[in-house]
Number of protein chains: 2
Amino acid sequence: MSLEQEIRAIALQGKAAGLDLMKRPLKQLDEALLAMALSLEESKGIILTANQIDLQEAEKRGISGAMLERLKIKESTFQSMVEGVRQVVGLENPLGKTIREWSRPNGLKIKQVRVPIGVIGIIYESRPNVTVDASVLCLKTGNAVILRGGSEAIHSNRALLQALQTGAKKAGLPEAVVQLLPMTDREAIPLLCRQEDCIDLMIPRGGEGLIRTVTEHARMPVIKHYNGICHVYVHEKADLQMAERIILNAKCQRPGVCNALETLLIDESIAPRFLPQIVQALRKNQVEIRGDLSTQQWGGAEVKAASEEDWRTEYLDLILSVRVVKGIEEAIAHMEQYGSRHSDVIITEDSGIAEKFLNEMDSATVYWNASTRFTDGGEFGFGAEIGISTDKLHARGPMGLAELTSYKYQIFGSGQVRA
Amino acid sequence: MSLEQEIRAIALQGKAAGLDLMKRPLKQLDEALLAMALSLEESKGIILTANQIDLQEAEKRGISGAMLERLKIKESTFQSMVEGVRQVVGLENPLGKTIREWSRPNGLKIKQVRVPIGVIGIIYESRPNVTVDASVLCLKTGNAVILRGGSEAIHSNRALLQALQTGAKKAGLPEAVVQLLPMTDREAIPLLCRQEDCIDLMIPRGGEGLIRTVTEHARMPVIKHYNGICHVYVHEKADLQMAERIILNAKCQRPGVCNALETLLIDESIAPRFLPQIVQALRKNQVEIRGDLSTQQWGGAEVKAASEEDWRTEYLDLILSVRVVKGIEEAIAHMEQYGSRHSDVIITEDSGIAEKFLNEMDSATVYWNASTRFTDGGEFGFGAEIGISTDKLHARGPMGLAELTSYKYQIFGSGQVRA
């Protein structure tokens, strides 16, 4: 079989599994999840051995510490992975829920109800726990899933998949409800992107190169999980102690994630007062600061010069770009020009200004007096998240179970015809 | 300027207009719509003259009756077009509406509110009234729009656009809130499809070739308005008089539209009784019938033989394919294999069977005892419709104003940071 034929076969099996899943009772989906948790536990030895192979091969290829760390399934990672599966069983299922219902003058009753999307393709990079997390969330919502993990995690992913499929089978579901591309060829991604008659949605989670490949080739809808160039704007009427607390938390608590702060905007009216304070606090936390001329002027010698490129950069590190702006309009204009509309914050005690910001700034999440770090399915109370959408269609911001569903209209008549 | 540069300039102007629109009060959007209605009336002479040019050129190129008819702006078309604009002003605006709100244990208040999508690209074929209808619905929901009409309607569309832009300007909005590609080059569509940093959503409305071009090239989300291969399944416990009434309505009331019936499935238990009745009724209404062997057996000499291709065909004409099936499972399997999941009906007096069909058949609209012809924004009570989505992401089935919006999360804090 050619690579193209292999991918086609996987897509067609996914489609059949997706159609099958739509007819299963919710109880059976949960049973499958429980069987998967058990099967993972039973396969622990095999999975950790497979992970060792990936780690050894990665080391041979000279892969660095941070990436090795992400690849590694530690004892605690394994436990929380299995625990995560069982937690999803306990979540309320959005499937079958009525979104709204109404009646028409002709007597037709219309019900809009949640249904599975069908088949979801998930393309991701190193972390093998995504194999389990994504599969489980898709299955809970009645979707078949086709996974494509990073080549460096292929042994771990294959072992995890084997355990998941064993669980599905034990619960009476077809194995193909969860599939993983077994090959690591680069060309597999564009080929997968052309199976639009079988795959209903593609979710790429990874770096810019991966996202670009998927958006260029995909003929089905794509929900991107892209970068977060997040801003905090300190307004002239800000509580400066609160501002410092929020900025430090947003920048330093976990700098390597998409909802970490990357650019700080400070109103010119308070810059002379606030800049010395915040520069000192940031430097105490090992944050490198890159500022515009005014920031350098008020912030002192610790502030390096920012280039135009800095405003567009997601550092994912202890680096912060800082700019002095003139009022809220300039702050919003900066965010619109350079940001990624992920998570943006205003700090102010003026509720009118806050309202203006919350209404006019078009980001997935806009905050008044809180840290960007709350953009997260768990923090939102969703119980689980498949990721954070940087798109505006279908799902925006943290994606929970409901965002993994579509809907249909059920229409109840008594012989109505159109006049 | 090259074609590529021209398209880029239009896309960038659209983006700027979209950002501007997000900050306008809803009142101003309605004022713009009213100014557009007035401007259309004032430009009536120019518009009808431009339409004459299109009609003459179409006739010269030997374009046929049905297409000429769709191209023509009749006196009544013009009136209802203008009236349509004023009706949209009266519709409740979904923008700014809270979809849901909740509080977290840490005191954060989260509000999910409706916002514009941004910039919407609409690619359509001959009917020039789409130029007005689509623009008005997009503007009502705060979206800038970039239109690409059929080349055969270019003079009409340019004149209509001129009037719309004059109206926008009178209400203090930038002209670029409504733009039309002024060129008719085929290559303009793929170029437009690559402006993913400026255009947030592409809606193609037209034939298979157009849809395929857009899905292949688009890097932004696409919501397809594609074909309707709609089914009626007559269950063994159907009221056969009701079945006949619904089938005739679904097939004959307006055969050229996407929610018209294309395939009739009859349960084998009632085929000997129902087929002679329905064949006679359909033939009386000039419907050509193409059936499988059983249909030919029970339906008589009037039934032609159906080919495999017939089950996949959207006739948009007075032709109906008919098949005898064994029970609801086979009916659903047929719809899943050959249908387009647009609008599918079961006719039965058995509520348990109806429920099974409504739950298991995954179409945008599934009906119990009613005609497929109700799949329509107006019939749903949406007040207006941009079309009928055949996709499952973001919007499925009839798309009203709410489906032309996205959402964002507004988060109200008091200094919360993440632990």
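1. Let's start inside chain B of this predicted model. Which residues of H1(B) are the buried ones? They are B:Ile7, B:Ile10, B:Ala11, B:Gly14, B:Lys15, B:Ala17, B:Gly18 and B:Leu21. As you look at that list, keep in mind that an α-helix has 3.6 residues a turn, so residues three or four places apart point the same way.

2. Helix H1 of chain B covers residues 3-21, which makes 19 residues. From its first C-alpha to its last it reaches 27 Å, close to the 27 Å expected at 1.5 Å a residue.

3. Now find B:Val177, in the loop between helix H7 (154-170) and E5 of chain B. Is B:Val177 buried or exposed? It is buried, because 29 other C-beta atoms lie within 10 Å, and the cut-off for a buried residue is 20 or more. Leaving aside residues up to four places away in sequence, B:Val177 touches B:Ala17, B:Leu21, B:Leu139, B:Ala144 and B:Ala168. Two of these, B:Ala17 and B:Leu21, are among the buried residues of H1(B). B:Leu139 is 38 residues from B:Val177 along the chain, yet their C-alpha atoms are separated by 7.4 Å.

4. Next, step back to the pair of chains. Chain B is superposed on chain A by a rotation of 180° with 0.0 Å of shift along the axis, and the RMSD is 0.0 Å. The two copies are therefore related as by a two-fold rotation axis. Which residue of chain B comes closest to that axis? It is B:His394, whose C-alpha is at 1.9 Å.

5. The contact between the chains takes 58 residues from chain B and 58 residues from chain A. On the side of chain B that touches chain A, E16(B) gives the most, with 11 residues. The residues of this side divide into 25 nonpolar, 17 polar and 16 charged. Because 100% of the interface residues of chain B are also interface residues in chain A, the copies meet through the same surface.

6. Strands also pair across the two chains. Strand E13 of chain A (residues 365-370) is joined to E16(B) by 5 bridges, and the two run parallel. Look there for A:Trp368, which stands opposite B:Phe412 in E16(B).

7. Finally, a word on confidence. Chain A averages a pLDDT of 96, and 100% of its residues score at least 70. For the complex, the predictor gives an ipTM of 0.95 and a pTM of 0.94.

How values were computed: Residues are numbered from 1 along each chain as its sequence is written. Chains are lettered from A and ligands numbered from 1 in the order in which they are written. This is a predicted model: local features need pLDDT of at least 70, side-chain atom pairs count only at pLDDT 80 or more; totals for chains, interfaces and linings use all residues. pLDDT is the predictor's confidence in each residue, from 0 to 100. Copies are superposed by least squares on the C-alpha atoms of residues with pLDDT of at least 70 in both. Two residues are in contact if their C-beta atoms, placed from the backbone, lie within 7 Å. Helices (H or I, at least four residues) and strands (E, at least two) are DSSP runs, numbered from the N terminus. The expected span of a helix is 1.5 Å times one less than its number of residues. A residue is buried if 20 or more other C-beta atoms lie within 10 Å of its own, exposed if 12 or fewer, and partly exposed in between; C-beta atoms are placed from the backbone. Ala, Val, Leu, Ile, Met, Phe, Trp, Tyr, Cys and Pro count as nonpolar, Asp, Glu, Lys and Arg as charged, and the others, Gly among them, as polar. Two strands pair if DSSP finds at least two bridges between them.
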